[in-house]
Amino acid sequence: MQAGAVAPADYLLHLADNALVLGQRNAEWCGHGPALEEDMALANISLDLIGQARLLYQHAAALMGEGTTEDTLAYFREAGQFRNYTLLELPHHGPLAGTAAAERDYATTIVRNFLYSALMLLLWEALQRSADIQLAAIAGKSVKETRYHFRHARDWLVRLGDGTDESHARTQAALDHLMPYTQEFWSVSPAEAEAVAAGAGVDARAWRQAWDELVNDALVEATLQRPKDGGHVPRGKQGLHSEHLGYVLGEMQSLARQHPGASW
Amino acid sequence: MPGSLAQRAWEVLESIPDPEIPVVSIRELGILREINEDGGQLEIVITPTYSGCPAMAQIEDDVRAALAANGLPARIVTRLAPAWSTDWITPGAKEKLRRFGIAPPHTLPSANVVQFARRAARDTDAVRCPHCGSDNTTETSHFSSTACKALYKCLACREPFDYFKPY
C-alpha cells in the first residue's frame, strides 16, 4: 500500500452513508423498542453508527473543500447522491405491494444488523491497514464498536431463530427477504476499485469466505435456512436506490433544510 | 519544567471530570492524551472514547473554559489513533468506578474479530458485582444507559448494575 494516499471521496461517502442510513433507520425504534433494553440498545448502536458517519464525513469534507461540511453531506444531498448499500435503507418489514406501510418487525431489524455488522467487522479490521491514515484511524475505532453490534445482532438472531414458532418464522422470512441484497457486498463499484488501486480501500470479495463462515455458523445455531444466492444485484452504492431511501432522507433532512445553519 | 506552560496546563486540566461519570477525570480515563508546548504555544491533545460519544463536545468545551479561566490560550487537537482503549483507564480510576457502582472493564481480549465473533454470545469471564463483590452475576442487556456500558444484575444481592465494556 502507498503511504500517504487518501481514499477517493466517493469511497468515504459509501462508508459514511452506510453508517448514517442504518443509524437513522435503527433510530426509528427509539421510543418504540420491543423491550426497554432493546430500545436502548438500538439507540446506542445508532449513536455509534452516526458517530462513525460523522468522522467519515469530516474526512471527506476536508478532501472535497469548497465549503463542504459534514452537515452539507448529510443533509443537503439528494437520494441519487447517496452511496449506501440498498440493504440499509429498506424499512423494518418485508416487501409489500404498492405504498402500504406495515408495523416494524424486529426480526427484520436484527437480520439486517447481523448481515451488515458481520461484513463491517471484517472490512473495518482490514481498513485499519489502509494507506489513508485518517481512514485507518476511523477503522480502528469502528471495529471496536462493530464487535458489540455484531454480538448484539448474533445473540438475538439465535434467540429469535431458535425461539418460538412465531419468532422462527418471522426471522426466516426476514432472512429470505434480505439475504439477496447482500449480493451488493460482492460487486465492485468504480469508487471501490479506485480506492483499492490507491491502497486506501479493501476489496470486499477477499472477505467473502470469512463472511460466509460467520453467517453460516450463526444460522446453524439459530436453526435458520440460508436462502440460495442469486437474483437482482442492487446498486445503491452507485446511487441507484430503492424507493425507500427518499423517505428516510425526507425525515432526516427536513429540519436542517427548513432551518439551514441552525445550531442548538 | 516546573512552572512551564505545559506544567500549568496539566495542573488545570487533570482534574476536569468526565461529564458522564464525574467521579473520574478525563486524564484518568485516558481522554486527555498530551500537552505540548512549542514556542509559547500550547497544544492539548484529546481523543474520543466511542465515535458517537455525545460527551466529547462537552469535554472540549470544559477544557477550553478551564484554560481560558486560567489565562492559558491553547489549540485543542482531537486525535483518533491510536484508538482509545478501556485498558488506558488507570487502576485508581477503575476502583473509583467500582465505588460509584459501575463494574470496571476487564482487560480487552486480544482475540481477533473472528475469534471474538465466534464466542460472541458466550463471554465467559465473570463480571463482579460492584455492590456486594459476588461473581454470581448475569448480563441483562448488551447496552445500557450509554453505549460504553452493559446492564447486569447480581444474583446474590439482587441489585442491577452497569458494566463498563472492554473497548
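User: How many salt bridges does the structure hold over all chains?

Analyst: Start with the idea: side chains of opposite charge can pair when their charged atoms come close. The rule asks for a side-chain nitrogen of Lys or Arg within 4 Å of a carboxyl oxygen of Asp or Glu. Over all chains, the structure holds 24 salt bridges. This is a predicted model, where local features need pLDDT of at least 70, side-chain atom pairs count only at pLDDT 80 or more, and totals for chains, interfaces and linings use all residues. Residues are numbered from 1 along each chain as its sequence is written, chains are lettered from A and ligands numbered from 1 in the order in which they are written, and side-chain values use heavy atoms, without hydrogens and water.

User: Which residue does A:Asp217 meet in a salt bridge?

Analyst: The partner is A:Arg154, at 2.7 Å from N to O. A:Asp217 lies in helix H8 of chain A and A:Arg154 in helix H5 of chain A, so the pair ties together parts that are 63 residues apart in sequence. Helices here are DSSP runs (H or I, at least four residues), strands likewise (E, at least two), numbered from the N terminus.

User: Is A:Arg154 buried or exposed?

Analyst: Read relative accessible area with a 1.4 Å probe, protein chains only: buried is under 20%, exposed over 50%, partly exposed in between. A:Arg154 is buried, at 1%. A:Asp217 is partly exposed, at 33%.

User: Which salt bridge does the rule find across the interface of chain A and chain B?

Analyst: The rule finds 1 there. B:Glu139 and A:Arg151 meet through their side chains, 3.2 Å from N to O.

User: How many helices and strands has chain B?

Analyst: Chain B has 5 helices and 7 strands. From the N terminus on, they run α-α-β-β-α-β-α-β-α-β-β-β.
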